[in-house]
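Here's a quick look at one model, starting with its voids and moving on to the sheet and the aromatic rings. Have the structure open while you read.

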Amino acid sequence: MKNILLIGDSIRIGYDKAVKKTLDGIANVYFPEENTRFASYVLRYLHEYKNLVPGGHVDVLHWNAGLWDCLRLFSEDVHTPIDIYKYYIDRICARIGKLFPDTKVIFATSTAVQSEKMSADFKRYNEEIEAYNAAAVEIVTKYGFTVNDLYTISASLPDAAHSDPVHYYTPIGTEAFTNQVLSYITSAAELTDIPSYREALHTDKPIGI
């Protein structure tokens, strides 16, 4: 069976189990239990995440990084200034080329938030998320990666899809993201006869995001 590796922050944690459940018996789906946080963290641990896959052969890699990078804590500057973010995204792409030379790679954009419902000490703004997404997309496409625009999907969802101002740990949100991710990874892996969505909700409190 094909091997699928999912890497990303707590948005990924919201759909990874449902992707795995839906593809049970059709493809092997792997992902780290931890939240893979900001771009520099992904760069540091990317080779270790590859080791989650027995034998290290990955057919499709689906990854994201950005929401942690544009987080503003205590009304300060963003965690990762956008020029530094671009630097790390470029390095991640180059390292993916070394670690996964025969893998089809999909980059997922960061999702929309409800800024007005956040405290001043923990804030994100959609206009900054959009800027970080645009910066990342420009880089990853130069490396030939496919882009999964989760931001547009998230921005179209109703308030009921949110479990909090950042996350979508609800039946509506989980199904929307899972189906979107499935459409990309199954196409990349050339999988057919995909069963209907199988729900597997993440109900734990998000850690650190």
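## Cavity

The count comes to one cavity of 30 Å³ or more, where a cavity is a set of points on a 1 Å grid over the protein atoms alone at which a 1.4 Å probe fits but cannot get out.

Who lines the largest cavity? I11, G14, Y168, Y169 and F177 do, lining residues being those with an atom within 4 Å of a point. By class that's four nonpolar, one polar and no charged residues (Ala, Val, Leu, Ile, Met, Phe, Trp, Tyr, Cys and Pro count as nonpolar, Asp, Glu, Lys and Arg as charged, the others, Gly among them, as polar).

## About the model

This is a predicted model, so to speak of local features takes pLDDT of at least 70 and side-chain atom pairs count only at pLDDT 80 or more, while totals for chains, interfaces and linings use all residues. Residues are numbered from 1 along each chain as its sequence is written, and side-chain values use heavy atoms, leaving out hydrogens and water.

## Pocket

A pocket is an open set of points with protein on both sides within 12 Å along at least five of seven lines. The largest pocket has a volume of about 200 Å³. Of its 13 lining residues, I13, E33, N35, H202 and I207 lie nearest the centre. The lining splits into six charged, four nonpolar and three polar residues.

## Sheet

Five strands make an open, parallel sheet, ordered β2-β1-β3-β5-β7. Strands (E, at least two residues) and helices (H or I, at least four) are DSSP runs numbered from the N terminus, and two strands pair if DSSP finds at least two bridges between them. β2 (27-30) and β7 (146-148) are the edges: each has a single partner strand, so one side of each is left without a neighbour in the sheet. From one strand to the next, the twist averages 20 degrees.

β5 (residues 104-108) and β7 run parallel, joined by three bridges, and F107 stands opposite V147 in β7. Helix α5 (residues 126-142) lies across β3 (60-63), β5 and β7, at about 150 degrees to β7. Contact means heavy atoms within 4.5 Å; axes are lines fitted to C-alpha atoms, for helices over the stretch in contact, with angles from 0 to 180 degrees between N-to-C directions.

## Aromatic pairs

There are nine aromatic pairs: rings of Phe, Tyr and Trp (its six-membered ring) with centres within 6.5 Å, stacked if the planes are under 30 degrees apart, edge-to-face if over 60 and tilted otherwise. One of them, F38 with W68, is tilted, at 5.7 Å centre to centre and 55 degrees between the planes. The pair links distant parts of the chain, 30 residues apart: F38 is in the loop between β2 and α3 (39-50), W68 in the loop between β3 and β4 (72-73).

Key: Grid points are joined across faces, edges and corners, and a volume is the space filled by probe spheres set on the points.
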